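Please prepare a short briefing on nonpolar cores and salt bridges for the structure shown here.

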Amino acid sequence: MADGRSQIRRRVGLKLWLSGGWIAFLVMAALCAPWLAPHDPLAQDLFLGRLPPAWVQGAEPGFYLGTDSLGRDVLSRILYGARLALIVALVAGSLTCLIGATLGLMAGFLRGWVDVVISRAIDIWMAFPPVLFSILLIAVMGPGLTSIILAIVVIDWTRFARVVRAEAMAQGAMDYVASAQVAGRRRISTMFTEILPNVLPTIVVLLTLEMGIAVIVEAILSFVNLSISTDDPTWGGMIAEGRTSIHQAWWVLVFPLVTLFLTVLSFSQLGEGLKDRFDPVLR
Amino acid sequence: MSFLAIKGLSARLRDTSFPILRDVFLSVEAGEVHGLVGESGAGKSMIGKALLGILPTSIEITHGTIELDGVDLLRLPPAERRRRIGATAALIPQDPLTALNPSRRIGPQITDRLVDILGWARSTAEARARELLDEVHIPDPVRVMRSYPHELSGGMRQRILIASAFAAEPKLIVADEPTTALDVTVQKQILKLIAEMQARHGTALLFVTHDLGVVSKVCQSLSVLYGGMVVERTTVRDFFREPAHSYSRALLAATPKYTDPLASLTPVPETVIAAVQAEVAAHDRSQRNG
Amino acid sequence: MADLFTIEDLRLSLPDMTKKPLLGQAPRIDILKGLSFTLPKGEILGIVGGSGSGKSTLGRAMVRLLEPTGGRILFDGQDITHLDEDGLRPLRRRFQMIFQDPMSSLNPRHRVGQIIAAPLSLHGFADVPARVMDALDHVGLSRGFANRYPHELSGGQRQRVGIARAIALRPEFILADEIVSGLDVSSQAQVLNLLEGLVQELGLTLAFISHDLSVIRRLCSRVLVLYQGEIVENAATAEVFDAPKAAYTRELLDAIPLPDPDQVWT
């Protein structure tokens, strides 16, 4: 049938390539930090303090993005900082996704008392102020990688649960679910074979978004000194330091900030791009 | 001089240049009811939308003119065009459940247009709305005007939309599948109502539908569309007595008819589809070459 | 001839959540108000009625997507009224359903082949791929369709996939719920012809729900007219159309716009 609707195609590609490219670059940088970094990220040299980036007057060769007030190389610290940021993004993002999406899927599709229990839990959970909650958690557990990841998971699983529940509910009302029931498929099996593929695109978008959020949360916690030890290079920690010397050495603030911005943006765009590219319904 | 004259109207998808309307000619006299008939994707709704200036943004008009009451709408600047369409034309939409704003009372939804576009006093507009609701046989108009849409049945809502379309005394109304969402018994009442209102107000009506049964009840003339192209334009009488185009004949034979179950519901033969598709392709070729 | 379905005083009510008081039970709305009829093997039963007549609810109760609140449903002599999913599973192979909207009844993220295969694998058929191909052949779709996604098909083709999925299990009974109402007249005629042929070839018993009496007349041997949850007419097709007894049936017939300008509406 000659029909215009089948002719509509989604423009894909650029978004996916740019965001995916940046993330891939970052992963490489994090993995190869020891070989790529021109200096030891912890090495201090007060004589080399606040050196400007390579293209500014007064730069020293070898310090491409300048140094901070303690003479530590900014580029090396960003590279090593990527390790922590990516670990947090990956682990915290996936765990949050797994827990939140599973609970949301169950609540939205199985309904009944399962839904009542999970929905109430979400409501109660969301009534806690999240920042206070995470600070409290870290105060109790002590700063460290595990605490950061746990804080993110504990706070953010509701984000997944709510969205996935709504989506699963909408899909559950479709006739293909009734059709599976007529065919004699069990509820749990229907949830995985029929519902899950249809909420998966939403989950992927949420997951990448969550990875971006995890990077930000880690930066915020570092900024308020609740992340891992202050010596270790983290983007948030660098931003906090850079803030104090913004008038003397802007580069200490700007480079980690730009990296953080690009990373978070790339994560959110990556999800959208993946959905556009790989969802059979949109393709 | 026809009241509505569409000449050589062509439209296509912006992204892929896929043609949606192909060189459509159409004229409707004042007070005439003209049916636009075709299967889904034939472009019948798009003509009404182009005329009312509500085409989706993904579709662009490439050439042609739409003359409404002697003025080519497509040549007018956008603001002027909106004003002119608002003053002379109206729409009876397909789905009465979504066409009314669920969070506002019925009364203002009818009178807004009169007050905002035509500059009537609110009290005059309200009096007019009551009069119209009475005209479309709605009992207790005062109470209905204070109601919210969800408090009324589908048939009731469609009556309100009809009243609302006639409110500003438009010279042309586009009815886009106005009874498709309704039960057959309600459909009958609504069709009779539309015919009654149309006759009383002498409005020209462009009636978009896929149902040949409905066409035979309300229209005087019709255009049959396929692939955005008008394949036949004729009077209703001639069409049902002797359709000229093979596609029209096949469409008529495929339409169910409970009085004649064996002769109706004949599938449209592949050869007929192939022939009409070839016609569309030939038209596209001639467009490219000339 | 034996009855495949025997329905006795079937009742179904749903809680009206819009009128639920803060505490306590929501009042119930009666959707089906005591329906009794039988469906003999090999018959094509038309179920007709306006919106809110309960025709879809009746259908969904028959294939036990809904559990009745009263009365009995016997399928081939077995009481299935209150069977749970485990009890129903062995019977599921024997009654199938085709849905109104093929876009929503076909999982958009599964390929056509997977969609038809799913019920077959669930019921433990050995030669699934061969049966999928056979089902596609039966509905007149070429085998290449197995690799396509539903959104790549036209409305008529999607509905054929719905039919293929239902017949793949070789059921005894199929419920068709408004399966042509979303289709253009040209594909509507094709789908009806196809279904008619399959019913004869495979010896199916069919319940065909529709709001369109013209379609019912073409296809069905018997007609059940529902009005607000009650049966107002239950007779052979010719009788319903030529000498309708219920006032509602007459009203329904009078309201059909025939494609004929000489028919005058009163």
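Does B:R128 count as buried or exposed, and at what relative accessibility? At 11% relative accessibility, B:R128 counts as buried, where buried means under 20% relative accessible area, exposed over 50% and partly exposed in between, with a 1.4 Å probe and protein chains only. This is a predicted model, in which local features need pLDDT of at least 70 and side-chain atom pairs count only at pLDDT 80 or more, while totals for chains, interfaces and linings use all residues. Residues are numbered from 1 along each chain as its sequence is written, chains are lettered from A in the order in which they are written, and side-chain values use heavy atoms, without hydrogens and water.

**Salt bridges**
- Over all chains the structure holds 43 salt bridges (a side-chain nitrogen of Lys or Arg within 4 Å of a carboxyl oxygen of Asp or Glu).
- B:R128 pairs with B:E169 in a salt bridge at 3.0 Å, N to O; B:R128 lies in helix α4 and B:E169 in the loop between α6 and β7 of chain B, so the pair ties together parts that are 41 residues apart in sequence.
- B:E169, at 40% relative accessibility, counts as partly exposed.
- In chain C, the closest N and O atoms of C:R170 and C:D134 are 2.8 Å apart in a salt bridge.
- A network of salt bridges links C:K41, C:D76, C:R94 and C:E172.

**Nonpolar cores**
- The largest nonpolar core has 61 residues (buried Ala, Val, Leu, Ile, Met, Phe, Trp, Tyr and Cys joined through side-chain atoms within 4.5 Å), and among those with the most contacts inside it are B:L133 and B:I160.
- A second, separate core of 60 residues includes C:I44 and C:F145.

Notes: Helix = DSSP H or I, 4+ residues; strand = E, 2+ residues; numbered from the N terminus.
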